[in-house]
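Let's take a walk through this chain, one piece at a time. Have the coordinates open and follow along.

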Amino acid sequence: MSQIQTAVPADETPAGECEYCGQPFPTGKRLSLHKGVRHPDRLDESERKAFASTFSAEGDSLRRLRLKMLGVLILLYFAFLMVYAVFA
């Protein structure tokens with residue numbers, strides 16, 4: 001798996017840095033997700049719990065986004081259908 005390089009702007013300080021590979025992260029959530037994905041065998045119990053809760057919250061957010069996008073697509077479909085019915 002190739003490593004994506006992350007960088008924090010010079011005028012900001014990182015919220016956290018991975019103690020295993022040294023990558024900086026702008027938020028603690030991203031650091032937690034990174035550790036769980038890249039270094040799962042090195043995590044202690046508290047880090048595992050933090051990863052699991054962050055991963056679950058991320059999944060919930062993605063589900064909500066997908067439902068919203070589906071709603072927008074359905075609305076667009078019916079809007080175009082109505083415009084076609086009126087002007088065709």
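Predicted model: local features only at pLDDT ≥ 70, side-chain atom pairs only at ≥ 80, totals over all residues.

Start with helix H2, which covers residues 45-87. It has 43 residues, and the distance from its first C-alpha to its last is 63 Å, close to the 63 Å expected at 1.5 Å a residue. So which residues of H2 are buried? They are Glu47, Phe51 and Thr54, and what they pack against is helix H1, residues 28-38.

Now look at how H1 and H2 meet. Two packed helices are described by the angle between their axes and the distance between the axes. Here the axes come within 9 Å and cross at roughly 110 degrees. That angle falls in the 65 to 115 degree range, so H1 and H2 count as roughly perpendicular to each other. On the H1 side, the contact is made by Lys29, Ser32, Leu33, Lys35, Gly36 and Val37. H2 brings Glu47, Ala50, Phe51, Thr54, Phe55 and Glu58, a list that takes in the buried residues Glu47, Phe51 and Thr54.

Glu47 deserves a stop of its own. This glutamate lies in helix H2, and its relative accessibility is 16%. Buried means under 20%, which is why Glu47 gets that label. Leaving out residues up to four places away in sequence, Glu47 touches Glu19, Tyr20, Lys35 and Arg42. One of these, Lys35, also turned up on the H1 side of the helix contact.

Next come the aromatics. A pair of aromatic rings is described by the distance of the centres and the angle of the planes. The structure holds two such pairs. In one of them, the rings of Phe51 and Phe55 have their centres 5.5 Å apart and their planes at 35 degrees, so the pair is tilted. Why are these two residues about one helical turn apart? Because they sit four residues apart in helix H2. In general, an α-helix has 3.6 residues a turn, so residues three or four places apart point the same way.

Tyr77 is exposed, with a relative accessible area of 52%, while Phe78 counts as partly exposed at 43%.

Over residues 69-87 the model is 100% helix and 0% strand, and the end C-alpha atoms are 27 Å apart.

Pro26 is found in the loop between strand S2 (24-25) and H1. With a relative accessible area of 44%, Pro26 is partly exposed.

Conventions
Residues numbered from 1 in each chain as written. Heavy atoms only, no water. Expected span 1.5 Å × (residues − 1). Buried < 20%, exposed > 50% of the residue type's maximum accessible area, 1.4 Å probe, protein only. Contact = heavy atoms within 4.5 Å. Phe/Tyr/Trp six-rings, centres within 6.5 Å; stacked < 30°, edge-to-face > 60°. Axes fitted to C-alpha atoms, helices over the stretch in contact; angles between N-to-C directions. Parallel < 35°, antiparallel > 145°, perpendicular 65-115°, else oblique.
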